[in-house]
Amino acid sequence: MFFNLPTMLTWARIVAIPLIVGVFYWDGVSPARQNLIATVLFVVFALTDWADGYLARRMNQTSAFGAFLDPVADKFLVCASLLVLVHLERADVFVALIIIGREIAISSLREWMAIIGATKSVAVHMIGKVKTTVQMVAIPFLLFDGVLLGLIDTRLWGVWLIWASAVLTVWSMVYYLQKALPEIRARSR
């Protein structure tokens, strides 16, 4: 099921990465317009994360490949956007290192747990979903980098939210490591 509708939406998140990055290299476009275009692209493609899962279940088109590709696409989109934000000096490199490092560590942990047949111990938990939600709000705020609706300073809110997501990132990593610890101990003897 490489090319059903839900999987195509997942692929769209991966295709979005060079578009979001490329916006900031678009000559002749004002920085404010670049910010707006990148924000809209990010929000539209981030919404495909919800849509692909909903459609896969609704259309009975879930697949092992889709289950693999979905979190990969999410991580690519978040990591690429964070790198853009660090480059634009809107996010601290330390935050990016925490978030990207956690994604690598937990992805590796999940891969190892799958190899040993213990995937249930590191299944997605609510703390991971909250972390992702906070990231998916912080990133477009930082991409926009302006005043929204004349009220919301998106840089200020984005900085607070991206740091909150870094804290949630560490918290979720500790949670998953604690869940995996019995298996890790059992295999290291």
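## Burial and Thr169

Buried means under 20% relative accessible area, exposed over 50%, and partly exposed in between, with a 1.4 Å probe and protein chains only. Thr169 has a relative accessible area of 0% and is therefore buried. This residue is found in helix α6; helices are DSSP runs of H or I with at least four residues, strands are runs of E with at least two, and both are numbered from the N terminus.

The Thr169 side chain reaches the backbone oxygen of Ser165 at 2.6 Å. Beyond neighbours within four places in sequence, Thr169 is in contact (heavy atoms within 4.5 Å) with Ile98, Ile99, Arg102, Lys131 and Gln135.

## Basis of the model

This is a predicted model, in which local features need pLDDT of at least 70 and side-chain atom pairs count only at pLDDT 80 or more, while totals for chains, interfaces and linings use all residues. Residues are numbered from 1 along each chain as its sequence is written, and side-chain values use heavy atoms, leaving out hydrogens and water.

## Helix α5

Helix α5 covers residues 126-144, and its end C-alpha atoms are 28 Å apart, in agreement with the 27 Å that its 19 residues should span at 1.5 Å a residue. The expected span is 1.5 Å times one less than the number of residues.

Buried residues of α5 include Lys131, Gln135, Pro140 and Phe141. The buried residues of this helix pack against α2 (31-58), α3 (64-87), α4, β2 (152-153) and α6. Asp145 follows α5 and has a positive phi, near 50°.

Note on methods:
Polar contact = N/O pair within 3.5 Å; in protein donor to acceptor, adjacent residues only side chain to side chain.
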